[in-house]
Amino acid sequence: MTTLRQPQNVLVTGGCGFIGSAFIRFLFRQAGFSGKIVNLDLLTYAANPDNVAGAVDPARYTFVQGDIGDSELVSRLCREHAVDTLVHFAAESHVDRSIVGPGAFMQANILGTYQLLEVVRTLSHIHFHHVSTDEVYGSLGPTGLFSETTPYDPSSPYSASKAASDHLVRAYARTYGISTTLSNCSNNFGDEFKLMQQLTTVRHIQSMQTFCYLSKRLLTSCGPNLYVFALMGWLRNEQVDCAQRYGRGGKWQSPLCRIQSLLITVVRHKRQCAATLI
Ligand SMILES: NC(=O)c1ccc[n+]([C@@H]2O[C@H](COP(=O)([O-])OP(=O)(O)OC[C@H]3O[C@@H](n4cnc5c(N)ncnc54)[C@H](O)[C@@H]3O)[C@@H](O)[C@H]2O)c1
């Protein structure tokens with residue numbers, strides 16, 4: 001067991017996405033965090049820079065539009081901003097898109113992670129936190145939960161690419177001794193979720209998955225949130241075992257179709273409310 005130092009300057013990849021932006025907002029609200037955040041995001045179709053607007057301290061925040069695969073850029077940002085912690089969210093993350101076009105997922109999720117690890121290998125004081133998914137374990141049956149010891153059984157090009165990136169992270173930790181942690185969280189949905197896009201593209205609607213709700217309000221008021229809590233263990237200087245995996249789940253199992261109908265109800269309700277205000 002190793003005690004990690006309190007992070008000073010954090011490079012967040014994919015910080016304009018759904019979860020990365022929640023992490024940035026949350027981190028800026030932590031009294032114990034006085035460092036800087038560099039947000040490296042390619043601004044793909046999935047990004048929404050408004051997710052972080054207004055929630056960052058401009059004096060301690062830098063946004064850079066760029067690719068995690070650009071090793072020169074990543075290396076320069078790490079040096080210029082004295083980065084000591086890299087939290088890696090950037091990914092192609094939508095399962096159905098991976099079925100239609102797997103190439104982009106292999107490029108961003110496998111090669112992108114590999115290229116980041118290569119940079120960290122040369123800057124070995126940096127701690128690397130890899131954000132992964134419980135989809136690397138496949139689908140849940142009618143009962144049961146995933147745990148850190150569940151065998152990998154990815155069932156889509158997306159989850160296979162995330163599984164490959166997990167293996168790379170663990171292999172780099174063991175081979176080169178770089179400091180890493182890895183979280184495999186369940187599905188999140190919440191305020192910035194690209195709702196309609198997800199609803200219209202999800203195909204595996206009968207598969208049983210675990211969900212937790214990621215609320216902007218809860219995060220901005222420092223309330224409890226499963227995923228971000230999962231990531232905060234090492235930030236809080238707790239005893240964490242480097243090179244280990246940390247699973248976090250909402251313990252709320254549901255077929256995707258049930259989540260879909262719940263979300264459709266919410267959207268309809270919001271639209272009706274908006275219509276009555278006009
Ligand atoms: N959303 C979930 O429910 C969920 C659950 C478990 C794990 N995860 C993982 O969390 C991470 C973030 O998921 P999300 O839902 O926020 O994704 P998202 O699709 O909302 O955001 C991904 C972000 O990464 C950026 N990006 C993509 N490719 C990039 C590249 N090559 N270089 C730089 N930036 C790039 C995009 O522009 C976008 O802002 C992913 O690694 C995903 O596997 C997500």
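Modeller: Axes here are lines fitted to C-alpha atoms, for helices over the stretch in contact, and angles run from 0 to 180 degrees between N-to-C directions. This is a predicted model: local features need pLDDT of at least 70, side-chain atom pairs count only at pLDDT 80 or more, and totals for chains, interfaces and linings use all residues. Residues are numbered from 1 along each chain as its sequence is written.

Colleague: Why are helix 4 and helix 5 called roughly parallel?

Modeller: Helix 4 (residues 103-122) and helix 5 (residues 157-176) pack at about 15 degrees, with axes 8 Å apart. Angles under 35 degrees count as roughly parallel, over 145 as roughly antiparallel, 65 to 115 as roughly perpendicular and the rest as oblique. Helix 4 and helix 5 are therefore roughly parallel. Helices are DSSP runs (H or I, at least four residues), numbered from the N terminus.

Colleague: Which residues of helix 4 and helix 5 make the contact?

Modeller: Contact requires C-beta atoms, placed from the backbone, within 7 Å. Among them are Phe-105, Ile-110 and Leu-117 of helix 4, and Tyr-158, Leu-168 and Tyr-172 of helix 5.

Colleague: What makes helix 2 and helix 4 oblique?

Modeller: The axes of helix 2 (residues 71-80) and helix 4 cross at roughly 40 degrees and come within 10 Å. Helix 2 and helix 4 are therefore oblique to each other. Ser-71, Val-74, Ser-75 and Cys-78 of helix 2 meet Gln-115, Leu-116, Glu-118 and Val-119 of helix 4.

Methods. Helices (H or I, at least four residues) and strands (E, at least two) are DSSP runs, numbered from the N terminus. Two residues are in contact if their C-beta atoms, placed from the backbone, lie within 7 Å.
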